[in-house]
Amino acid sequence: MKDLPRIKELRKLSSKSQEEIAEIIGTSQSYYAQYENGKRDLPFSRAIALAEYYNVSLDYIAGLTDTPRKIK
């Protein structure tokens, strides 16, 4: 499992709690916390939901690029 610091960074920049983001992507706060900390793999469908919510690419969420590349 991979630690995903970008989702924590994006959440903090948006001034949202883990609980708020968890609700947006359809999961529990405890699962979401595990995604942020790399203790549970982030399902693709939830990664897509995060990318759409934050208007960034999946590559950015995964840490494959440092450019957020907004979704068109």
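Q: Why does Thr 27 count as buried?
A: This is a predicted model, and in it Thr 27 has a relative accessibility of 17%. Buried means under 20%, so Thr 27 gets that label.

Q: Where is Thr 27 found, and which residues is Thr 27 in contact with, leaving aside its neighbours within four places in sequence?
A: Thr 27 sits in the loop between H2 and H3. With those neighbours set aside, its contacts are Ala 22, Tyr 32, Tyr 35 and Arg 46.

Q: Which residues of H2 and H3 meet?
A: From H2 come Gln 18, Glu 19, Ile 21, Ala 22 and Ile 25; from H3 come Gln 29, Tyr 32, Ala 33, Tyr 35 and Glu 36. Sorted by class, that contact of H2 with H3 has 6 nonpolar, 2 polar and 2 charged residues.

Q: Which residues of H2 are buried?
A: Gln 18, Ile 21, Ala 22 and Ile 25 are.

Q: What makes the buried residues of H2 line one face of the helix?
A: Look down the axis of H2: its buried residues fall within an arc of 105 degrees, so they line one face. They pack against H1 (5–13), H3 and H4 (44–54). Glu 19 and Glu 23, on the other side of H2, are exposed.

Notes:
Residues are numbered from 1 along each chain as its sequence is written. This is a predicted model: local features need pLDDT of at least 70, side-chain atom pairs count only at pLDDT 80 or more; totals for chains, interfaces and linings use all residues. Side-chain values use heavy atoms; hydrogens and water are left out. Contact means heavy atoms within 4.5 Å. Helices (H or I, at least four residues) and strands (E, at least two) are DSSP runs, numbered from the N terminus. Ala, Val, Leu, Ile, Met, Phe, Trp, Tyr, Cys and Pro count as nonpolar, Asp, Glu, Lys and Arg as charged, and the others, Gly among them, as polar. Buried means under 20% relative accessible area, exposed over 50%, partly exposed in between (1.4 Å probe, protein chains only). The arc is that of the directions from the helix axis to the C-beta atoms.
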